[in-house]
Amino acid sequence: MSYDIEKAVAAFRALAEEQQARAEAIKLQGAAKDYTKLDKIVIGVCGGDGIGPVITKESANVLKYILKDDVDSGRIVFKDIEGLTIENRVAQMKAIPDDVLEELKSCDVILKGPTTTPQAGDGRPNIESANVAMRKALDLFANVRPVKIPEQGIDWTFFRENTEGAYAVGSKGVNVSDDLAMDFVVTTTEGTERIARLAYEFARNNKKDRVSIINKANVIKTTDGKFLSLCKKVGEEYPEITTDEWYIDITTAKLIDEKRRRDFKVFILPNLYGDIITDEAAEMQGGVGTAGSANIGKKYAMFEAIHGSAPRMVQEGRDKYADPCSMLRAAAMLLSHIGKYEESVRLEKALDYCMFEDKKMKITGREDGCTCADFAAYVMETLTTKFGAEN
Ligand code: IPM
Ligand code: MG
């Protein structure tokens with residue numbers, strides 16, 4: 001068997017240098033952007049792949065509707081961003097083509113449809129997921145995913161670390177030999193402290209009295225160990241909040257333990273555990289089509305559905321029946337992020353009403369249900385008739 005340890009060591013050295021530089025760069029970042037103080041806010045709208053363009057367009061229409069006065073006055077500008085498609089990414093062999101990245105950087109916040117992720121062995125070139133690349137390129141370090149089931153007393157907010165852990169160098173693993181492959185997990189001090197602080201600040205501001213730190217520090221000792229101890233240290237600054245710590249395996253079990261699960265409130269999770277657990281939680285709420293996701297950085301923020309691009313729906317000609325609810329939830333999070341709190345609450349209420357209460361229009365993903373455009377129109381109508389600004 002042939003192997004070249006020196007080559008593997010050189011590859012590791014390059015990764016260590018790259019990640020050290022990233023860790024240093026985080027320290028130099030200034031304060032987070034205050035959107036309420038901006039004269040103009042640019043909202044980028046990026047359709048993505050599969051059902052993405054349909055659900056993104058309809059969600060952007062709802063946003064334009066709710067923000068009409070600001071759009072008319074020019075304070076809020078919507079900007080369509082083309083080119084974040086799997087075809088274009090493969091043609092340019094880039095997770096995010098340069099011109100698209102430049103466009104993204106000209107926005108303050110982005111509403112993004114799901115993008116298709118090439119997977120090892122699917123015949124597509126090994127380009128990084130556009131999602132993961134965007135989170136890194138715009139340094140969107142926090143992935144915030146709320147899940148609520150009011151009738152069961154469930155009100156969870158997940159703070160998933162979004163740029164590090166198993167994802168930081170996820171497409172740069174090393175094949176040492178034909179028989180040995182290695183991937184790497186990355187934890188930095190600043191990267192961990194900033195996600196922990198965001199989660200504890202959220203807990204404090206929203207009167208949540210418990211924060212749970214999820215980890216597997218009993219096995220993944222170095223990186224998860226560092227993550228856990230740094231989060232706990234940040235937690236000491238919030239004496240009114242109880243901090244507890246859970247291993248990821250038992251967390252997956254406790255989320256389906258009806259007696260215990262309502263005790264959870266705010267979670268802090270390393271990237272991969274956050275990815276897994278938030279799908280589990282969203283499924284309990286009614287499916288991954290029902291939950292939105294905010295990717296927050298100091299300078300930019302991106303809002304997206306938590307589900308994928310569903311290429312099969314497009315192949316079968318069913319994309320116009322796609323469910324926009326996850327994107328609409330993301331749109332509500334976008335509103336609150338740019339300081340439009342009242343509008344955000346109105347949209348959340350209208351969605352709760354349309355999805356769980358009135359249920360006049362049903363989305364099934366097929367002809368027997370309503371179209372995505374019909375559902376968006378129903379939400380807009382509900383906004384006006386039931387949750388108008390004057391109500
Ligand atoms: C998510 C998705 C992404 C992730 C994929 C599409 C790369 O599952 O946003 O949770 O793993 O983060
Ligand atoms: Mg996921």
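Analyst: Helix α8 (residues 221-235) is the biggest contributor to the lining of the largest cavity in this predicted model, giving three residues. The complete lining consists of Glu161, Glu164, Gly165, Val186, Thr187, Thr192, Thr223, Asp224, Phe227, Pro270 and Asn271. Sorted by class, that lining has three nonpolar, five polar and three charged residues. The space inside the largest cavity comes to about 60 Å³, and the count of cavities of 30 Å³ or more is one.

Now for the open space. The largest pocket has a volume of about 1700 Å³, and 50 residues line it. Nearest its centre you will find Val144, Phe202, Asn206, Met333 and Ser336. Several elements give two or more residues to this lining, among them the strands β4 (142-149), β5 (154-161) and β11 (292-296). The helices α7 (189-205), α10 (271-285), α12 (325-337) and α13 (341-357) also give two or more residues each. Of the elements, α7 supplies the largest share of the pocket lining, with eight residues. In terms of class, the lining of the largest pocket divides into 23 nonpolar, twelve polar and 15 charged residues. Where does the pocket lie relative to the domains? Domain 1 (1-30 + 144-289) and domain 2 (33-140 + 297-391) both give residues to the lining, so the largest pocket lies between them.

Let's turn to the ligand. Around ligand 1 you will see Thr117, Ser129, Asn131, Val132, Arg135, Arg145, Arg160, Tyr167 and Asp275. By class, this shell has two nonpolar, three polar and four charged residues. Helix α6 (residues 130-137) gives the largest share of the shell, three residues. As for the polar side chains, Arg135 has a polar side-chain atom 2.7 Å from an oxygen atom of ligand 1. Tyr167 has a side-chain N or O atom 2.6 Å from an oxygen atom of the ligand, and for Asp275 the corresponding distance from a side-chain N or O atom to a ligand oxygen atom is 2.8 Å. Taken alone, ligand 1 exposes 320 Å², and the protein buries 78% of that. The domains matter for placing the ligand too: domain 1 (1-30 + 144-289) and domain 2 (33-140 + 297-391) both give residues to the shell, so ligand 1 lies between them.

Conventions. Residues numbered from 1 in each chain as written. Chains lettered and ligands numbered in written order. Predicted model: local features only at pLDDT ≥ 70, side-chain atom pairs only at ≥ 80, totals over all residues. Heavy atoms only, no water. Near = heavy atom within 4 Å. Polar contact = N/O pair within 3.5 Å; in protein donor to acceptor, adjacent residues only side chain to side chain. Areas by Shrake-Rupley, 256 points an atom, 1.4 Å probe, with all protein chains shown as cover. Helix = DSSP H or I, 4+ residues; strand = E, 2+ residues; numbered from the N terminus. Nonpolar A, V, L, I, M, F, W, Y, C, P; charged D, E, K, R; others polar. Domains from an automatic or database assignment. 1 Å grid on protein atoms, 1.4 Å probe; cavity = no way out; pocket = protein on both sides within 12 Å on 5 of 7 lines; lining within 4 Å. Points joined across faces, edges and corners; volume = space filled by probe spheres on them.
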